[in-house]
Structures are given as C-alpha cells and as structure tokens.
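This report covers one residue and then the chain as a whole.

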Amino acid sequence: MNVINAVWEMENLGVETKEIVVEQSDCKRDVLKLLEDISAQYLVVKIPSDFESVSYELSQLGFVFIETMNQLSNGLQLKPISEHKQKIVQETDFVEMSNADFEYMCRKIMESLMFRTDRIARDPHFSLEQANRRYVNWLRSERERGAGLYKFVYHGHDVGFDCCRHVGEGVYDDFLSGIYPEFSGKGLSVNISHKLNDFVKARSGKRIVTGVSSTNVRAMNHHINNGYTIDSSNYVFIKHT
C-alpha cells in the first residue's frame, strides 16, 4: 500500500485529502485495518479491479464507488482511418505552446468548464469550477516539471491541445488532451491519437500510454476505436468525512 498525503488538493478542493493506493500483493486484513483507522476530510482509495475481496467490503466502511480508471496503451500501430479523417490530420498542425498559448488554454478550460466527467466534476460535494481549476493547476505543475504542451491548429484556429511526458525507454504518457467545446462534433478529435502518434514516432518512441476513466465514454471509445488496448484497471472509491 501507498498512502499519499495529497496536500495539493487543499488548494484545489479546500479539503484535507489522502489517497490510498492498494496493490494486489497487499494483505486484505492490513488494507481494511488501515481504512478503518485513517482519517481525512476526503479519502480516495484505488484498488486493482480483480482485488474483489477488498472491494466488496468498502461499502461497509462508508466508501462509495465513483469510477474505474483504465490504463491503456498503443505501440504506435493505430487503426486505419477514412480519407476524410486523413485530410483533417494532414491539415492540422501540432505546435508546441508558447507562454501565451498556455494561458489561452487555461482560460478556455475555465471559461467553458471543459472537463465534466471526472470524479471531482461528478461529485456533489464539489463544483465544476473546482474540477476544472484542478486541471489548470495540474497543467501548471506539469509545465514546471518539463512536460510537453502542444496545441492543435486547424485552418488557423487553435482547436484543442495535447499534453504528454516522456517517462523513459521510448514510452510517452499522454496525460491530458481535448478539443475545445466550440470545435467538438467536427471530427477533429482524430488528431488526438494521430498527431501524437506521429510526434512520438519522429522521436523514435515506442509506445504511448494514457489513463481514461469509465465515466468518460467518449474518450474511451475514441482510444479503443483507434487501436488502444486496456492494460489494467483500478476501481476508485471515495469517502467524505
């Protein structure tokens, strides 16, 4: 087990937060004892999806199931796309963000409250503004740590973004991406997989990994339809005290 004192969530959510990451090798008795004794205003427990012996007992401790987090990957072998989608990809530029671009992205996220499907956005204890501010703060931290931040430019318009980091051995973590709401429904999301795929190939990369929540059905379908496979899943439970 790994217990994380998520101090950054005080700024994001205004509550003391602890995350407990359970591993398959952990003893059930030890896990349940820890969860009985641990205290914080907001508790988040992440458990391998096949660790049923613990999952079944969490409701008795006051925890509520909120999502399944799926880890997906692709070895740079995307499924073929139509000529129309190929044309969209060809006419879209994948450009590293300037400081002004970064601030534009953050502003667009907050103005549209762009992210609405994650566990914070769906939790009645929190607000959509808190959920999206949390993403903006995360992006600022990732930028300071050297993550790659890129924008999609289609016919002269900034239509979305992709944020990734090289985690070693040719593996890139595509940790956050999106198409701005006013450009959704136009087929532009094809760029999310294909532009990053080309980017990683050009840097002799080998694999792209990403995490997608079960509550974000559109993103899940997008990745599966483009050739990603699910490597592992964690059940996520929460508790407010």
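## Residue Thr92

Thr92 counts as buried because its relative accessibility is 1% (buried means under 20% relative accessible area, exposed over 50%, partly exposed in between, with a 1.4 Å probe and protein chains only). Thr92 belongs to strand β5, which covers residues 92-96. Apart from neighbours within four places in sequence, the contacts of Thr92 are Phe152, Val153, Tyr154, Asn191 and Lys195, where contact means heavy atoms within 4.5 Å.

## Basis of the values

The model is predicted: local features need pLDDT of at least 70, side-chain atom pairs count only at pLDDT 80 or more, and totals for chains, interfaces and linings use all residues. Residues are numbered from 1 along each chain as its sequence is written, and side-chain values use heavy atoms, with hydrogens and water left out.

## Fold and dimensions

The chain holds eight helices and ten strands, taken as DSSP runs numbered from the N terminus (helices H or I, at least four residues; strands E, at least two). Of contacts between residues at least 6 apart in sequence, 70% link residues at least 24 apart.

The C-alpha trace spans about 55 × 35 × 30 Å along its principal axes.

## Burial and surface

Of the 241 residues, 49% count as buried. The accessible surface of the chain is about 12,300 Å², and carbon and sulfur atoms account for 48% of that surface (Shrake-Rupley method, 1.4 Å probe; for residues, only the protein chains shown count as cover).
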